[in-house]
Amino acid sequence: MQLHNKINTDELREKIRTSKEERTTLSFYQYYNLGNPYLFRDHLFIMWDKLKVLGRIYVAHEGINAQISVPTQNLDKFKSKLSEITFLDGIRLNAAIEDDGKSFVKLQIKVRDKIVADGIVDPDFDPTDRGTHLKAKEFNALTADENTIVVDMRNHYESEVGHFENAICPDVDTFREQLPLVAKELEPMKDKNIVMYCTGGIRCEKASAYMRHNGYKNVYQLEGGIIEYARQVKNQGLENKFKGKNFVFDDRLAEAISEDVIANCHQCGEPADTHVNCANTGCNLLFIQCASCKEKMEHCCSDTCIEVIHMNEDDQKEWRKKHREKKKLFSKGRFENSKST
């Protein structure tokens, strides 16, 4: 039986773009000690492929991290099948705030060393010894306390377009470099309330456990992350303390939580908060671009990349070969690195 997709991605993307089928975008995670993640991965693929589930799922010995879209007509069947898996029975499913059903084009389930790459090698670290969960109302109340520190446990390109009021937003590219940095920088404030948040909860769950592992006592995390916070704020009529967009890791790239535009175009400096990938596939830099620059720069991050996209396909392939090493300089959202292309 085929346990992976073999159809061209562009073909699949066009199929989803033109499809009239209503789909629901969901995300969930669970830390759990899986004895055989490869067997579990195959079981999920067989089960979800039949239900036409699409998405990106990571499975590891420490659990599962899933971002998916499900045909809305199959949603009840999907939930029923999920409940048959003991450690996923009753799990919270975070539904997307803005959802056009076009978030994913294929089903990918990969086995990884960890569901969140963290760089932690301490065998005594327990990711289940996490901080106290906070619902939106509790989060608003605790973060209003002057004895509370709010920490954004996402990468710089995520917090750039949206974050909570007065949050500390570390200038980092990866979660693994963020963990030790936050633990060290907050050392002088160890007696304060430390409230951590991320997109859907998976990173701040591990981060809060890491802080507790490093001796922090008053550690909290936003349950369900920004996605669930936005839902509770809307349903309960609460004050929204999140400003801007919530970056998401699918084809949508972001969903608006408030009308505030807190970022700027990386090319002209005008207010903008739309992430795009450079049209030069050999670059593919993720950066913020306003509508005017998008038209002027032909969806590219630099003049060099504009030249490349107008080359014939053979010349583009040669360019990509020559610049393969330089591509390592293209940090997400750091436009200055693209100027050396």
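I will walk you through a few regions of this predicted model, from a strand and its partners to some salt bridges and a helix.

Before the details, please keep in mind that residues are numbered from 1 along each chain as its sequence is written, and that side-chain values use heavy atoms, with hydrogens and water left out. As the model is a prediction, local features need pLDDT of at least 70 and side-chain atom pairs count only at pLDDT 80 or more, whereas totals for chains, interfaces and linings use all residues.

Let me begin with strand β10, which covers residues 219-222; here helices (H or I, at least four residues) and strands (E, at least two) are DSSP runs, numbered from the N terminus. In a regular strand the side chains alternate between the two faces of the sheet. In β10, V219 and Q221 point one way while Y220 and L222 point the other way, and all of them are buried, where buried means under 20% relative accessible area, exposed means over 50%, and partly exposed lies in between, with a 1.4 Å probe and protein chains only.

Which strands pair with β10? One is β6, residues 132-134, which runs parallel to β10 over three bridges, and within that pairing L134 has L222 as its bridge partner. Another is β9, residues 193-197, also parallel to β10 and joined to it by three bridges, with V195 standing opposite Y220. From β9 the chain passes through helix α7, residues 202-213, to reach β10, and this β-α-β crossover is right-handed. For the terms, two strands pair if DSSP finds at least two bridges between them, and a crossover is right-handed if, with the strands pointing away from the viewer, the path from the first strand over the helix to the second runs clockwise.

D118 forms one with K114, the closest N and O atoms being 2.6 Å apart; D118 is buried at a relative accessible area of 4%, whereas K114 is partly exposed at 27%. D118 also forms a salt bridge with K206, with 2.7 Å between the closest N and O atoms. Because K206 lies in helix α7 and D118 in the loop between β5 (107-111) and β6, this pair ties together parts that are 88 residues apart in sequence. K206 itself counts as buried, at 0% relative accessibility.

A further salt bridge joins E158 to R203, whose closest N and O atoms are 2.8 Å apart. This pair, too, links distant parts of the chain, with E158 in helix α5 (residues 156-159) and R203 in helix α7, 45 residues apart. E158 is buried with a relative accessible area of 0%, and R203 is buried with 9%. Elsewhere, salt bridges that share partners join E62, K114, D118 and K206 into one network.

I turn now to helix α2, residues 37-50. Which residues of α2 are buried? They are P37, F40, R41, L44, F45, M47 and W48, and what covers them includes β1 (23-31), β2 (54-60), β3 (63-71), α3 (75-83) and β5. At the start of α2, a side-chain oxygen of N36 reaches to within 3.2 Å of the backbone nitrogen of Y38, and just after the helix K52 takes a positive phi of about 60°.

Two residues from those covering elements deserve a word. L107 is placed in strand β5 and is buried, with a relative accessible area of 7%. Leaving aside neighbours within four places in sequence, L107 is in contact with F45, W48, D49, V53, L54, G55 and I57, where contact means heavy atoms within 4.5 Å. By C-alpha atoms, L107 and A144 are 42 Å apart in space and 37 residues apart in sequence.

F78, for its part, sits in helix α3 and is buried at 0% relative accessible area. Not counting residues up to four places away in sequence, F78 touches L26, F28, W48, L51, V53, I68, V70 and L93. Its C-alpha atom is separated by 9.0 Å from that of M47, which lies 31 residues away along the chain.

Terms used. A salt bridge is a side-chain nitrogen of Lys or Arg within 4 Å of a carboxyl oxygen of Asp or Glu. A polar contact is a pair of N or O atoms within 3.5 Å; within protein, one must be able to donate a hydrogen and the other to accept it, and residues adjacent in sequence count only if both atoms are side-chain atoms.
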